[in-house]
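User: Could you walk me through reading a model like this one? I'd like the general idea of each feature, then the case at hand.

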Amino acid sequence: MFQDEDSCSDCSYRDKPGSSLQSFMPEGKTFFPEIFQTNQLLFYERFRAYQDYILADCKASEVQEFTAEFLEKVLEPSGWRAVWHTNVFKVLVEATDVDFAALKAVVRLAEPYLCDSQVSTFTMECMKELLDLKEHRLPLQELWVVFDDSGVFDQTALAIEHVRFFYQNIWRSWDEEEEDEYDYFVRCVEPRLRLHYDILEDRVPSGLVVDYRNLLSQCEESYRKFLNLRSSLSNCNSDSEQENISMVEGLKLYSEMEQLKQKLKLIENPLLRYVFGYQKNSNIQAKGVRPSGQKITHVVSSTMVAGLLRSLLTDRLCQEPGEEEREIQFHSDPLSAINACFEGDTVIVCPGHYVVHGTFSIADSIELEGYGLPDDIVIEKRGKGDTFVDCTGADIKISGIKFVQHDAVEGILIVHRGKTTLENCVLQCETTGVTVRTSAEFLMKNSDLYGAKGAGIEIYPGSQCTLSDNGIHHCKEGILIKDFLDEHYDIPKISMVNNIIHNNEGYGVVLVKPTIFSDLQENAEDGTEENKALKIQTSGEPDVTEGVDLEELMQCATGKMELYARTDLSEQVEGNCEIVNELIAASTQKGQMKKKRLSELGITQADDNLMSQEMFVGIVGNQFKWNGKGSFGTFLF
């Protein structure tokens, strides 16, 4: 659609006979001429334009100056027509000059007069008066250049598109008040540009997109209030009571705005967005026990033959003496069976390849089991969506099924709360594999998980995760353990026994924790054999954690990050010990911080015994092979 690699869309700006851009005719009945279609540029086209030709290494305070210099080189100063498009009307105008420094075009009404307005009172006389009030100077981002097949105005249309896109999607009104360094493109432009295209290409969960836009609106509103308050303070008499009150309000607004900006940066940064994840609150409502009190067995089969039915009656549907009579329902696809379930129901999936387009939302305690080998019972999800299997039930059991994920945004299975047991299953992932949210419990046995572009398993603070005899391989990271040093949540309680974690791009296991945590750990380690003895701070010792809170951690998270790798260990037992030692140290430091905060409130804890914290059941017998960066790593943010 656009020009080739050496052409204008890549900003080499060669003169070419004829236009290399396409035209666009607005939908509906219109008398307006066609305009240049420039709003479908690819990521790399915009990236190269901003990096190499428009912004380069400018500061935030220099953005308008650099943009003006760019426009002077490529923009035709006059002779082109454009549609002046606002929320209320659009009208055809003609450019007579350009005020590059102000990023505005000097225009006049084009002939013949064309205007389309939602308000019938916009006559030609009204439009002339409006232009007079604006001194005939209009912002370039409100102008859409009329198509011209000669190619003369291609660069004008592209340049205005770059300006329009930047101020609509990249620039924030508070950018100039941030650190005015020369890395504005790297700090702000690139992550925001990538986020914009990730959203366009459905790589970001829909809920996170909504959260981001809400945060952006809140931050803009807070910033407007802050500017108004600052302006009013400059007009007040010094030392007045009103000024003191306004100062307090201003500090609150500033603090609120800074917190919102830090949250925006976490979402804008692709690495932090992946590490912290999107904590979606599942709104699935459990149905509870069926009104009749009866439990139903749902049988799923695309086709039911006599031999299969006889086997089912013998193996699974045979009623034991004295057992309550159970109703049997038949379904052609597993999604309809799950949607029909109430508390205590069982879903038996017969051999076959089932394609589903919706989410398995399991809110009740049910059993979902395959009748046969996992490779013979395949449930494949197609179509873009946020989740494949969403679990919130108190006790969910899934066994003997292969799940295949395509075109995904979120993971293949998310445990929001309650307990979910996965046994003898195969998970072929697309993005993240299994996510175990805070307060949830997950048990995975004799299963195989592979193909995740993120972590195979993400374990959140305050959760419980038991992994036994599984294979986790060919993912970006094997297991990602998240610890945000938040006193409200304990470190995850993890049991890993006899798992084979191999051929992952990064580490077998990664622990995410704040940089300040690493400093605390260095102060706490005793250095005795296998790190079993740890220093416990007394009340007389200074506590370096005093004053640490989530807001400070958010600021740390948006700063410079480093990923420290542990040495690749030759013996598998050392890999297990390394994980144990790290979790012991992390849990101890968290306990010290919690104790410190409680003591400040006058609350004391009698027991400082390490094992009383019940950090984990055990981490033994795991094998770590051929992982790209080693068995274990720590991500410091």
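Predicted model: local features only at pLDDT ≥ 70, side-chain atom pairs only at ≥ 80, totals over all residues.

User: Which peptide bond is cis?

Analyst: Most peptide bonds are trans, and most residues other than glycine have a negative phi. Here the bond from Glu111 to Pro112 is cis, with omega near -5°. Pro112 sits in the loop between strand E5 (104-109) and strand E6 (115-117).

User: Where is Glu135, which has a positive phi?

Analyst: Glu135, with phi near 55°, is in the loop between helix H3 (124-133) and strand E7 (137-139). Trp626 isn't a glycine either, yet has a positive phi of about 55°; its loop runs between strand E34 (623-625) and strand E35 (630-636).

User: Are Glu135 and Trp626 buried or exposed?

Analyst: Buried means under 20% relative accessible area, exposed over 50%, and partly exposed in between (1.4 Å probe, protein chains only). Glu135 counts as exposed because its relative accessibility is 59%, and Trp626 is exposed because its relative accessible area is 63%. For contrast, Ala455 in strand E25 (residues 455-459) is buried, with a relative accessible area of 0%. Ala455 is 17 residues from Ile472 in sequence, and their C-alpha atoms are 9.7 Å apart. Across the 637 residues of the chain, 48% count as buried.

User: Which residues touch the most other members of the largest nonpolar core?

Analyst: A nonpolar core is a set of buried Ala, Val, Leu, Ile, Met, Phe, Trp, Tyr and Cys residues joined through side-chain atoms within 4.5 Å. The largest one has 61 residues, and Phe360, Phe403, Phe442 and Ile479 touch the most other members. Another core, of 51 residues, lies apart from it, with Tyr50, Trp80, Val189 and Tyr197 among them.

User: What share of the contacts links residues 24 or more positions apart?

Analyst: Contact means heavy atoms within 4.5 Å. Of the contacts with a separation of 6 or more, 69% join residues 24 or more positions apart. Leaving out residues up to four places away in sequence, Phe360 touches residues including Pro334, Leu368, Phe388 and Phe403.

User: How many disulfides does the structure hold?

Analyst: A disulfide is a pair of cysteine sulfur atoms within 2.5 Å, and the structure holds zero. As for individual cysteines, Cys219 counts as buried at 0% relative accessibility, whereas Cys318 is partly exposed at 48%.

User: Which residues make the nonpolar surface patch?

Analyst: Patches use residues with over 30% relative accessible area and no salt bridge, joining like charges within 9 Å and nonpolar side chains (Val, Leu, Ile, Met, Phe, Trp, Tyr) within 5 Å. A salt bridge is a side-chain nitrogen of Lys or Arg within 4 Å of a carboxyl oxygen of Asp or Glu. Areas come from the Shrake-Rupley method with a 1.4 Å probe; for residues, only the protein chains shown count as cover. Met304, Leu309, Leu313, Ile328 and Phe330 make a patch of about 400 Å². Helix H9 (306-315) and strand E10 (327-331) each give two or more residues to the nonpolar patch. Leu313, in helix H9, counts as partly exposed because its relative accessibility is 42%.

Terms used:
Residues numbered from 1 in each chain as written. Heavy atoms only, no water. Helix = DSSP H or I, 4+ residues; strand = E, 2+ residues; numbered from the N terminus.
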